[in-house]
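Here is a short briefing on the structure below.

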There are 2 protein chains.
Amino acid sequence: MLTFVGLGLYDESSITVEGRDALRAADRVFAEFYTSRLAGTTVDDLAAHHGVDIEVRDRAGVERDPEPILRAAAEGDAAFLTAGDTMISTTHVDLRLRAAEREIETRVLHGTTAETAAASLTGLQNYRFGKATTLPFPYAHGAEGVPGSVRETLTANRERGLHTLVYLDIKQERGEYMTADRGADLLATHWDGAALGVAVCRAGSPDPLVAADRLDALADRALGDPLHLLVVPGDLHALEADALVELGGAPEEVLPDPV
Amino acid sequence: MLTFVGLGLYDESSITVEGRDALRAADRVFAEFYTSRLAGTTVDDLAAHHGVDIEVRDRAGVERDPEPILRAAAEGDAAFLTAGDTMISTTHVDLRLRAAEREIETRVLHGTTAETAAASLTGLQNYRFGKATTLPFPYAHGAEGVPGSVRETLTANRERGLHTLVYLDIKQERGEYMTADRGADLLATHWDGAALGVAVCRAGSPDPLVAADRLDALADRALGDPLHLLVVPGDLHALEADALVELGGAPEEVLPDPV
């Protein structure tokens with residue numbers, strides 16, 4: 001049996017009860033933290049908290065050498081942990097399909113996600129989000145500024161009145177996490193500085209911060225520790241506008257008229 | 001303090017460890033199950049499992065008479081429980097804003113969601129979903145068939161190559177839950193029967209089912225107990241197509257060519 005377990009957003013207690021029970025009952029526990037990580041704990045603390053050994057694999061270890069994981073799952077109960085939800089990366093899906101092909105039973109235990117948190121912390125309604133996008137570090141996409149695909153997603157959603165969730169680049173191996181002020185600065189410079197932006201910082205932690213302002217103003221804010229993400233709202237219902245003022249400190253004059 | 005707690009998808013163990021600790025520590029525990037419910041447990045079992053009293057409020061009790069909840073939060077620690085994540089309904093956001101206006105501290109403890117589960121169970125990539133929509137029972141929207149707004153969302157997403165998550169109507173007070181075969185039948189009749197659909201049934205339970213086929217074929221399937229939802233995929237990457245075959249039993253000939 002291969003059980004994929006999402007660890008949730010922040011620390012040891014972000015996991016579901018069901019996920020915790022499964023990881024503690026597993027014969028072997030694998031994990032990857034290259035797609036995301038838990039900002040509120042370390043792998044050692046996580047392992048000690050649950051009383052298990054955690055074998056961390058890098059991207060190559062999952063993609064090119066999945067054999068040890070599959071063998072452990074064929075011989076006993078293996079758990080595969082990821083920050084947030086599981087199956088976010090194509091690598092996870094690939095691993096699940098390889099297991100299924102060998103008739104190894106698989107199970108998916110869901111975790112909480114930044115996607116969900118972005119809606120519930122900001123008061124923006126989840127069904128009014130369009131396609132999400134990821135903003136890469138400029139050095140990572142081989143050009144200055146913001147990739148055309150990111151600008152196109154933002155513009156296409158805005159034309160339909162929809163909010164855009166902008167994931168911010170994580171370069172785990174370099175210890176680099178794009179902050180929301182940096183992301184806002186990139187979007188202000190290369191897309192639309194007058195557009196409203198909402199920084200969501202430390203979602204799932206005891207001290208999350210929501211800050212709403214024009215993108216070119218958010219660019220100058222100090223927003224504290226990672227992880228951050230950005231939301232670029234589309235049209236706002238009256239209650240959504242109220243929420244951005246009350247929960248995100250949005251200056252009234254930067255909000256569009258409610259629809 | 002008013003703590004909003006998402007119970008997650010299915011039963012007592014779908015909650016996060018952090019959420020469980022907060023609900024057990026609260027002086028009073030309120031809940032609403034009109035936006036969704038936990039299919040794997042009852043309110044009585046949930047209360048007994050956690051050793052707390054749970055005061056269930058209907059929609060009117062939250063929307064028109066929030067005073068008792070706010071008073072409990074002003075005087076001590078109150079928890080407000082919902083199935084899935086919290087803040088999904090505008091009522092929750094409204095309650096949070098009322099608390100904030102009175103300077104009652106609020107906290108949001110996230111839960112797992114059908115939105116997340118739809119991606120992780122099907123192998124469809126979460127960043128390739130467009131705007132979600134909700135398919136109502138025909139009697140509930142005052143016309144036969146499928147509302148124009150639902151068809152427009154499906155078509156607009158498809159034109160952009162994006163997947164659509166279709167929430168299926170829940171009429172909690174009547175005990176009615178639209179099944180995915182019924183939803184597929186409505187979409188097949190009033191939108192496009194040849195389009196691919198994916199039924200996701202009992203997400204978060206120990207026996208979730210994923211079934212992928214043409215909408216007009218899904219309409220004839222018996223898919224078992226609720227809750228169900230539907231996904232209408234847009235363009236498919238090769239791995240997504242493989243996942244729908246392996247995990248959802250999609251007949252190869254109904255899949256579009258991978259992009």
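Helices here are DSSP runs of H or I with at least four residues, numbered from the N terminus. By that rule, A:Ala114 sits in helix α6 of chain A, residues 114-122. The model is predicted.

**Around A:Ala114**
- Beyond its neighbours within four places in sequence, A:Ala114 is in contact with A:Leu9, A:Tyr167 and A:Leu229.
- A:Thr82 is 32 residues from A:Ala114 in sequence. Their C-alpha atoms are 13 Å apart in space.

**Domains of chain A**
- Chain A splits into domain 1, residues 2-109, and domain 2, residues 114-254.
- The C-alpha centres of domain 1 and domain 2 of chain A are 29 Å apart.
- In domain 1 of chain A, A:Leu9, A:Tyr10 and A:Arg37 lose the most area to domain 2 of chain A. Together these residues account for 66% of what that side buries.
- Contact between the two domains of chain A involves eight residues of domain 1 and eleven residues of domain 2.
- About 770 Å² is buried between domain 1 and domain 2 of chain A. Carbon and sulfur atoms give 63% of that area.
- The number of salt bridges between domain 1 and domain 2 of chain A is zero.

**Contact between the chains**
- Chain A and chain B each bring 50 residues to their contact.
- The two chains, B and A, bury about 4,400 Å² between them. Carbon and sulfur atoms hold 59% of it.
- Between chain B and chain A the salt-bridge count is zero.

**Nonpolar cores**
- The largest nonpolar core has 43 residues. A:Val231, A:Leu244, B:Leu2 and B:Phe80 have the most contacts inside it.
- What does B:Leu2 touch, not counting residues up to four places away in sequence? Its contacts are B:Ile69, B:Ala73, B:Ala78, B:Phe80, B:Leu95, B:Ala99, B:Ile104, B:Glu105, B:Thr106 and B:Arg107.

**Helix α4 of chain B**
- Helix α4 of chain B covers residues 67-75. B:Pro68, B:Ile69, B:Leu70, B:Ala72 and B:Ala73 are buried in it.
- The cover over the buried residues of α4(B) includes strands β1 (2-6), β2 (28-32) and β4 (78-82) of chain B. Helix α5 (90-101) of chain B is also included.
- An α-helix has 3.6 residues a turn, so residues three or four places apart point the same way.

**Helix α8 of chain B**
- Helix α8 of chain B has 13 residues, 180-192. A straight helix of that length would span 18 Å at 1.5 Å a residue. Between its end C-alpha atoms, α8 of chain B spans only 15 Å.
- Which residues of α8(B) are buried? They are B:Ala180, B:Asp181, B:Gly183, B:Ala184, B:Leu186, B:Leu187, B:Ala188 and B:Trp191.
- Strands β6 (133-135), β7 (164-168), β10 (196-201) and β12 (228-232) of chain B are among the elements covering the buried residues of α8(B). Helices α7 (148-159) and α9 (215-218) of chain B are also among them.

**B:Ala48**
- B:Ala48 belongs to helix α2 of chain B, residues 43-50.
- Is B:Ala48 buried or exposed? B:Ala48 has a relative accessible area of 60%. The cut-off for exposed is over 50%, so B:Ala48 is exposed.
- B:Ala119 is 71 residues from B:Ala48 along the chain. Their C-alpha atoms are separated by 33 Å.

**Backbone details**
- A cis peptide bond joins A:Pro226 and A:Leu227, with omega about 0°. A:Leu227 lies in the loop between α9 (215-218) and β12 (228-232) of chain A.
- In chain B, the peptide bond from B:Pro226 to B:Leu227 is cis, with omega near 0°. The loop between α9 and β12 of chain B holds B:Leu227.
- A:Met87 is not a glycine, yet has a positive phi of about 70°. It lies in the loop between β4 (78-82) and α5 (90-101) of chain A.
- Buried means under 20% relative accessible area. A:Met87 is at 4% relative accessibility, so A:Met87 counts as buried.
- B:Met87 has a positive phi of about 70° and is not a glycine. Its place is the loop between β4 and α5 of chain B.
- B:Met87 is buried, with a relative accessible area of 4%.

Definitions and conventions:
Residues numbered from 1 in each chain as written. Chains lettered and ligands numbered in written order. Predicted model: local features only at pLDDT ≥ 70, side-chain atom pairs only at ≥ 80, totals over all residues. Heavy atoms only, no water. Helix = DSSP H or I, 4+ residues; strand = E, 2+ residues; numbered from the N terminus. Expected span 1.5 Å × (residues − 1). Buried < 20%, exposed > 50% of the residue type's maximum accessible area, 1.4 Å probe, protein only. Contact = heavy atoms within 4.5 Å. Core = buried A, V, L, I, M, F, W, Y, C linked by side-chain atoms within 4.5 Å. Domains from an automatic or database assignment. Buried area = accessible area lost by both parts, 1.4 Å probe. Salt bridge = Lys/Arg side-chain N within 4 Å of Asp/Glu carboxyl O.
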